[in-house]
Amino acid sequence: VEFAESGGGLVQPGGSLRLSCAVHESIFSIYNMGWYRRSPGALRELVASMHKSGYTSYVDDVKGRFTISRDSAKNTLYLQMNNLKPEDTAVYYCNADPVLYFPDRGNVWGQGTQVTVSS
């Protein structure tokens with residue numbers, strides 16, 4: 001398994017969640033990583049990325065609210081999400097940035113983790 005996301009759930013507006021993604025060691029040690037999300041009726045989008053150097057970037061919608069981090073000893077990527085809004089409702093995935101492409105399988109994704117923000 002290349003990517004295994006966890007930590008999603010139902011949370012009220014203004015609440016917080018911390019997502020985790022266990023990444024295969026062969027990927028985590030080489031590639032920059034990112035968190036993606038797919039909202040209902042929308043395409044999957046990159047919301048946060050982290051270079052191996054530690055440099056991070058975010059889409060405007062989540063700046064100041066989301067924080068991406070990585071633990072190289074555990075091959076795990078995290079996304080701390082604070083002050084959640086209903087429009088953050090989506091299935092969240094992790095992957096390399098840019099997304100990995102395997103010649104025999106194409107793009108490979110984990111199962112994702114559902115985040116629902118609702119009162």
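Five salt bridges turn up in this structure, which is a predicted model. Let's follow a few of them. Start at Arg-37, which counts as buried because its relative accessibility is 3%, below the 20% cut-off. Glu-45 forms a salt bridge with Arg-37, and their closest N and O atoms are 3.0 Å apart. Glu-45 itself is partly exposed, at 31% relative accessible area.

Arg-37 has another partner: its side chain also meets that of Asp-88 in a salt bridge, again listed at 3.0 Å from N to O. That pair ties together distant parts of the chain, with Arg-37 in strand 4 and Asp-88 in the loop between strand 8 and strand 9, 51 residues apart. Now move on to Arg-65, whose side chain forms a salt bridge with Asp-88 at 2.7 Å, N to O. Here the partners sit 23 residues apart, and Arg-65 lies in the loop between strand 6 and strand 7. Both Asp-88 and Arg-65 are buried.

Next, take a look at strand 9. Six of its seven residues are buried, so the rest of the structure largely encloses this strand. Strand 4 runs antiparallel to strand 9, joined to it by six bridges, and Met-33 stands opposite Ala-96. Strand 12 is antiparallel to strand 9 too, with three bridges between them; here Tyr-92 faces Thr-113.

Finally, find Leu-10 in strand 2. Leu-10 counts as exposed, because its relative accessibility is 66%.

Conventions:
Residues numbered from 1 in each chain as written. Predicted model: local features only at pLDDT ≥ 70, side-chain atom pairs only at ≥ 80, totals over all residues. Heavy atoms only, no water. Buried < 20%, exposed > 50% of the residue type's maximum accessible area, 1.4 Å probe, protein only. Helix = DSSP H or I, 4+ residues; strand = E, 2+ residues; numbered from the N terminus. Pairing = 2+ DSSP bridges. Salt bridge = Lys/Arg side-chain N within 4 Å of Asp/Glu carboxyl O.
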